[in-house]
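Please keep the structure in view while reading.

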Amino acid sequence: MTKSEFRYAHHPEDVKKYTTEDLRREFLMNDLFNEDQINVVYSMYDRMIVGGAMPVKSALKLEPTDDLKAENFLDRRELGIINVGAAGKVTVDGEVFELGNKEALYIGKGTKDVVFENGNEGQTLFYFNSAPAHHTFPTKKITKNEAEIVELGEAKYANRRTINKLIVNSVLETCQLQMGMTELHEGSVWNTMPSHTHTRRMEAYFYFDLEEGQTVSHFLGQPHETRHVFMQNNQAVLSPEWSIHSGVGTSNYTFIWGMAGENMDYGDMDAVKTNELK
């Protein structure tokens with residue numbers, strides 16, 4: 001079973017007037033994992049799809065939604081998957097890929113069948129992003145050992161973090177989709193700080209590994225007109241191309257960043273000084 005939502009893009013002048021309820025309705029994705037169901041959100045920000053699959057009693061096939069007007073989900077798209085639960089498997093046109101916790105799988109345009117299955121040692125949770133594609137690149141599994149890893153931040157500023165670049169052009173070829181995972185060290189709570197924007201691409205953030213009872217405040221909006229959304233474990237949020245995307249938690253956590261747009265340069269950022277945020 002697949003449940004689909006549709007989200008429009010928003011003008012920054014309009015977002016200035018949004019209430020808390022408005023912000024949460026338009027940007028927060030708080031229901032990605034339901035038993036034996038695939039949930040997808042189709043966003044008009046670079047036509048990014050954000051989704052989650054939770055196979056429990058049966059395998060789940062990724063079916064096209066009405067918004068795609070396609071015979072198969074990946075007829076005109078590429079897909080990135082990161083397992084945020086126990087070990088499971090993804091079958092891609094008959095080829096089986098075993099995915100452990102925090103391992104990724106890239107699937108290229110033109111793939112007919114993608115099937116998610118639970119493992120035998122706990123509950124698998126597959127988080128995924130999908131973006132339009134113009135070319136077919138090979139399906140590839142990426143482990144943390146194969147990722148490009150960057151250490152950033154300082155304990156002094158509570159932002160020590162390990163960035164695992166999993167689906168980026170320094171690791172494998174994609175059309176426009178990029179995904180990675182940032183792990184906050186114990187005692188650090190700030191992510192993507194100092195902040196930045198990049199009008200060449202949008203982002204989606206997915207927060208997990210958050211201790212029960214704790215929360216993350218995700219910041220969005222123009223640097224001089226910021227807003228916040230309080231988030232729980234296993235929730236995602238859309239970030240427009242004109243918006244910052246930073247967060248702070250009441251404990252450390254891990255988050256997945258996914259990007260789509262016209263620029264594949266990971267370092268393409270318009271930096272914002274921390275003391276200039278408003």
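In this predicted model, the structure holds 2 cavities of 30 Å³ or more. Rolling a probe the size of a water molecule over the atoms shows where such empty space is left.

In terms of residue class, the lining of the largest cavity comprises 3 nonpolar, 2 polar and 3 charged residues.

The second largest cavity contains about 30 Å³ of space. The residues lining the second largest cavity are Leu62, Phe73, Leu74, Thr111, Lys112, Asp113 and Val114. Of these, 4 are nonpolar, 1 is polar and 2 are charged.

The largest pocket has a volume of about 280 Å³. It is lined by 19 residues, of which Ile163, Thr192, His196, Tyr266 and Met269 are the closest to its centre. Which strands each supply at least two residues of the lining of the largest pocket? They include strand S14 (161-167), strand S18 (201-208) and strand S23 (254-261). By class, the lining of the largest pocket divides into 11 nonpolar, 5 polar and 3 charged residues.

Methods:
Residues are numbered from 1 along each chain as its sequence is written. This is a predicted model: local features need pLDDT of at least 70, side-chain atom pairs count only at pLDDT 80 or more; totals for chains, interfaces and linings use all residues. Side-chain values use heavy atoms; hydrogens and water are left out. On a 1 Å grid over the protein atoms alone, a cavity is a set of points where a 1.4 Å probe fits but cannot get out, and a pocket is an open set with protein on both sides within 12 Å along at least five of seven lines; lining residues have an atom within 4 Å of a point. Grid points are joined across faces, edges and corners, and a volume is the space filled by probe spheres set on the points. Ala, Val, Leu, Ile, Met, Phe, Trp, Tyr, Cys and Pro count as nonpolar, Asp, Glu, Lys and Arg as charged, and the others, Gly among them, as polar. Helices (H or I, at least four residues) and strands (E, at least two) are DSSP runs, numbered from the N terminus.
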